[in-house]
Amino acid sequence: MAVIKNVPIGQILVENGFISEKQLNEALAKQQTSGGKMLGDVMLEMGLVSETQLAQALSIRLKVPFIDLSSRKINTEAVGKIQEEIAREKCVFAFEINHGRLMVATNDPVNFYIFEDLKVATGMEIVPQISTKTMIEAAINKFYSSQAIDSTVNELENENEDELALEKEESEGRIDSAPIVKLVNMMVETAFRTECTDIHIEPFKDRTRIRFRIDGELVEQEMKIPPSFHNSIITRIKILSGMNIAEKRIPLDGRYGTRIDGVNLDMRVSTIPCVYGEKCVIRLLSTADDKTRKITDLGMTEYNYQMFEQIIRCPNGVMLVTGPTGSGKSTTLYATLGELSQPNVNIVTVEDPVEKKIDGVNQCQINVKAGMTFAAALRSILRQDPDIIMVGEIRDGETADIAIRAAITGHFVLSTLHTNDAAGTIIRLVDMGVAPYMVASSLVGIVAQRLVKLLCNECKEKFLLEDPEDLKLMSRTEPVEIYRPHQGGCRFCHNTGYQGRTAIHEIIVTTPDIKELISSGATAEEIGAQATKNGTLLLRDNVTKMVLAGKTSVAELVKATYTV
């Protein structure tokens, strides 16, 4: 958010009841140590105000109207007046034409150069109105993509009317026709720009449904695609992914890559036959051409990061990252490899599949049909003079045994396991057939993690938590004031009440007293109790802090940590 110097934005926020005088003083104090950050940005980071409140305060100060793009009816003719590239580059969005003047939303209303450029480009008088950067970007993503997709579908329908033989709709000409190619490309671009992780293309009797998984939830898209185009879309995706287009009776897997907005995107494709045709799911993975994210960027608190550093400093041993499917384990492993990767270190990984390519790391792909299993690959890797070995997942006793022997013989081994908490991981290894003394001597640390959704800053609402059961979960006895998602959310958060996710962690460093407990065959409860004494913060402790800080909800606390 652009804030002009010498504007008492804090005072406007206080006068309009957005924040208290005390909160303003806290923000001003934090600004002193923020290294020159603007007060508005500091307050956003502290969660004192939302982007919308900050924009509204600036609107009052500059006497420029504030526009809420998420609830405003948009004139599509106005949108088309500014090219998508210019709209993205200058962070502007044309939403209305009023008496021959173009109404434009901007987050920088005092940058007159932008409006002069737009006046030249459109040949119209420009009337700027203030909005938030997030709202403008969301509007650009939604309207430019939907306009392009609608025109492509219209193109397809016109083409369809011209065809005499509709039965031949899967002819090569139809599959490689410009509209189908454009439609698939736009679908992937829209998904990438809305930070979607999976695209679901589902056939039904009278329509093809497109859903995007955003922040762990499936959101249906407003793409009206007639069922007659479904097979052509699937065939186009199969051609891109190197799959057999003639085979429709069995599930198929493939992958392909593309480049969107300067980022290389790797896509895993899976199809499965359903009643009305083949269902296709595309998993979007941004490759490591853009730098691997740091551990601290993934939501690990400063306290947990210090414990984590103790683990990765060890020259040998096993570090396990645990959690259910989709809890971000692979992302944490890749971030760890990014921290450990040095020119003088040989890192070899064995994965199924290789999700993210990392520069400077030797990555091997599992191929069970060819006999390249985790166990077989691990045995070979030990003859490759490795310093650090990353095993995608420990699935059986044989892999666990080889991984632990590799750690005992002087290698640092990283891997993942599907368990509910850190202490339960140790018992799982013993259950797999690894001797307790081997686990005790090789294990250096366990990181258990979950992903929790963050409340939407635009529509979250304060309430008093009085339910005894919920208070008990948070280790509280007195009612406490916290936030919850707004019923029905807002357009800003796709009507979910949440926006974005972060990881929560529970870290056990295997100190001598814990090693002793493992060797003596202690239970997960005993190991967990000792780890807590040693300073381990449980998953529930971490998420409780986030609930009290207004970052997430009690519902997310229950989902992430509730056990019977």
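## Overall dimensions

For a chain of 564 residues, a compact globule would have a radius of gyration near 24 Å, and the value of 27 Å for the protein chain agrees with this. The model is a predicted one. Along its principal axes, the C-alpha trace spans about 80 × 70 × 50 Å.

The secondary structure of the protein chain amounts to 22 helices and 18 strands. Of the contacts with a separation of 6 or more, 61% are between residues 24 or more positions apart. Buried residues account for 48% of the 564 residues. The protein chain exposes about 27,400 Å², and carbon and sulfur atoms contribute 49% of that area.

In soluble globular proteins, nonpolar side chains tend to be buried together. In this model, the largest nonpolar core comprises 38 residues, and Val413 and Val439 have the most contacts inside it. Helix α15 (residues 397-408) gives the most to this core, supplying six residues. When residues up to four places away in sequence are not counted, Val413 touches Gly317, Val318, Met319, Ile389, Val391, Ala403, Ala406 and Ala407.

Apart from this core lies another, of 29 residues, which includes Met223, Ile225, Leu252 and Tyr256. Ile225 is located in the loop between β6 (217-220) and α11 (230-241). Its relative accessible area is 3%, so Ile225 is buried. Ile225 and Val263 are 38 residues apart in sequence, and their C-alpha atoms are 28 Å apart in space.

## A nonpolar surface patch

Phe204, Val275 and Tyr276 form a nonpolar patch on the surface. Together these residues have about 340 Å² of accessible area. Val275 lies in the loop between β8 (263-274) and β9 (277-286). With a relative accessible area of 78%, Val275 is exposed, whereas Ile225, at 3%, is buried.

## Salt bridges between buried residues

The structure holds 24 salt bridges. One of them joins the side chains of Glu202 and Arg211, with an N to O distance of 2.8 Å. Both partners fall under the 20% cut-off for burial: Glu202 has a relative accessible area of 5%, and Arg211 has 19%.

Another salt bridge pairs Glu278 with Lys238, the closest N and O atoms being 2.9 Å apart. This pair links distant parts of the chain, since Glu278 is in strand β9 and Lys238 is in helix α11, 40 residues apart. Glu278 counts as buried at 7% relative accessibility, and Lys238 is buried with a relative accessible area of 2%.

## Salt bridges with partly exposed partners and a network

Arg395 and Asp352 form a salt bridge in which the closest N and O atoms are 3.4 Å apart. Arg395 counts as partly exposed at 44% relative accessibility, and Asp352 is partly exposed with a relative accessible area of 34%.

Cys91 has a phi near 55 degrees, a positive value in a residue other than glycine. This residue is placed in the loop between α6 (84-90) and β1 (92-98). At 11% relative accessibility, Cys91 counts as buried.

Glu195 also has a positive phi, of about 55 degrees, although it is not a glycine. Glu195 is found in the loop between α10 (178-193) and β4 (196-203). With a relative accessible area of 63%, Glu195 is exposed, while Cys91 is buried at 11%.

Methods. Residues numbered from 1 in each chain as written. Heavy atoms only, no water. Core = buried A, V, L, I, M, F, W, Y, C linked by side-chain atoms within 4.5 Å. Buried < 20%, exposed > 50% of the residue type's maximum accessible area, 1.4 Å probe, protein only. Helix = DSSP H or I, 4+ residues; strand = E, 2+ residues; numbered from the N terminus. Contact = heavy atoms within 4.5 Å. Patch = residues over 30% accessible without salt bridge, like charges linked within 9 Å, V, L, I, M, F, W, Y side chains within 5 Å. Areas by Shrake-Rupley, 256 points an atom, 1.4 Å probe, with all protein chains shown as cover. Salt bridge = Lys/Arg side-chain N within 4 Å of Asp/Glu carboxyl O. Rg over C-alpha atoms; globule rule 2.2 N^0.38 Å.
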